[in-house]
Amino acid sequence: ITLSVEVYGPEVDLHSGNEGGALKEPMTDLVKILSSLQDSSNEVLIPGFYDGVNFEEVREKIKMFESLEDSIDMGKYAQSLGL
């Protein structure tokens, strides 16, 4: 799934202390959008996101990765991914 979001706002900075919150803040709108994508258990709330996911296969892969946890240098792995 790919998603692009563009949030537009005024060309000048507005301060809620001056403008009194009369206008919507683009950053606040973006935060609301992003926070609506997952619930408190980190489940994705986008309809269809999990369609086609074989959860038994996912559980098997998790078990496999957990069994390798002590043999993988996570620092090196993260570095190989550019993190």
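**Helical content, surface and salt bridges of the predicted model**

The protein chain contains four helices and zero strands. The structure is a predicted model, and its elements follow the order α-α-α-α from the N terminus on. The radius of gyration of the protein chain is 20 Å, whereas the globule rule gives 12 Å for 83 residues; the value is well over that of the rule, so the chain is more spread out than a compact globule. The C-alpha trace spans about 55 × 30 × 20 Å along its principal axes.

Burial and surface composition were examined next. Of the 83 residues in the protein chain, 1% are buried. The chain exposes about 7700 Å², and 55% of this area is supplied by carbon and sulfur atoms. Charged side chains comprise 6 positive and 16 negative ones, with the centres of the two sets 6 Å apart.

A nonpolar patch is present on the surface, formed by Met 64, Phe 65, Leu 68, Ile 72, Met 74, Tyr 77, Leu 81 and Leu 83. Together these residues have about 830 Å² of accessible area. Two helices, α3 (55-68) and α4 (74-80), each supply at least two residues of the patch. The largest share, three residues, comes from α3.

A search of the whole structure finds two of them. In one, the side chains of Arg 59 and Glu 56 meet at 3.4 Å, N to O. Arg 59 and Glu 56 are three residues apart in helix α3, and therefore about one helical turn separates them. Both partners have intermediate accessibility: Arg 59 is partly exposed at a relative accessible area of 45%, and Glu 56 is partly exposed at 43%. These percentages fall between the 20% under which a residue counts as buried and the 50% over which a residue counts as exposed.

The other salt bridge links Lys 61 with Glu 57, and its closest N and O atoms are 3.5 Å apart. Lys 61 and Glu 57 are four residues apart in helix α3, so this pair is likewise separated by about one helical turn. Lys 61 is partly exposed, with a relative accessible area of 43%. Glu 57, at 41% relative accessibility, also counts as partly exposed.

Met 27 and Val 7 are 20 residues apart in sequence, while their C-alpha atoms are 7.9 Å apart in space.

The second residue, Asn 42, is located in the loop between α2 and α3. Asn 42 has a positive phi of about 70°, although this residue is not a glycine. With a relative accessible area of 52%, Asn 42 is exposed.

How values were computed: Residues numbered from 1 in each chain as written. Predicted model: local features only at pLDDT ≥ 70, side-chain atom pairs only at ≥ 80, totals over all residues. Heavy atoms only, no water. Rg over C-alpha atoms; globule rule 2.2 N^0.38 Å. Buried < 20%, exposed > 50% of the residue type's maximum accessible area, 1.4 Å probe, protein only. Areas by Shrake-Rupley, 256 points an atom, 1.4 Å probe, with all protein chains shown as cover. Lys, Arg positive; Asp, Glu negative; His and termini not counted. Charge placed at Lys NZ, Arg CZ, Asp CG, Glu CD. Patch = residues over 30% accessible without salt bridge, like charges linked within 9 Å, V, L, I, M, F, W, Y side chains within 5 Å. Salt bridge = Lys/Arg side-chain N within 4 Å of Asp/Glu carboxyl O.
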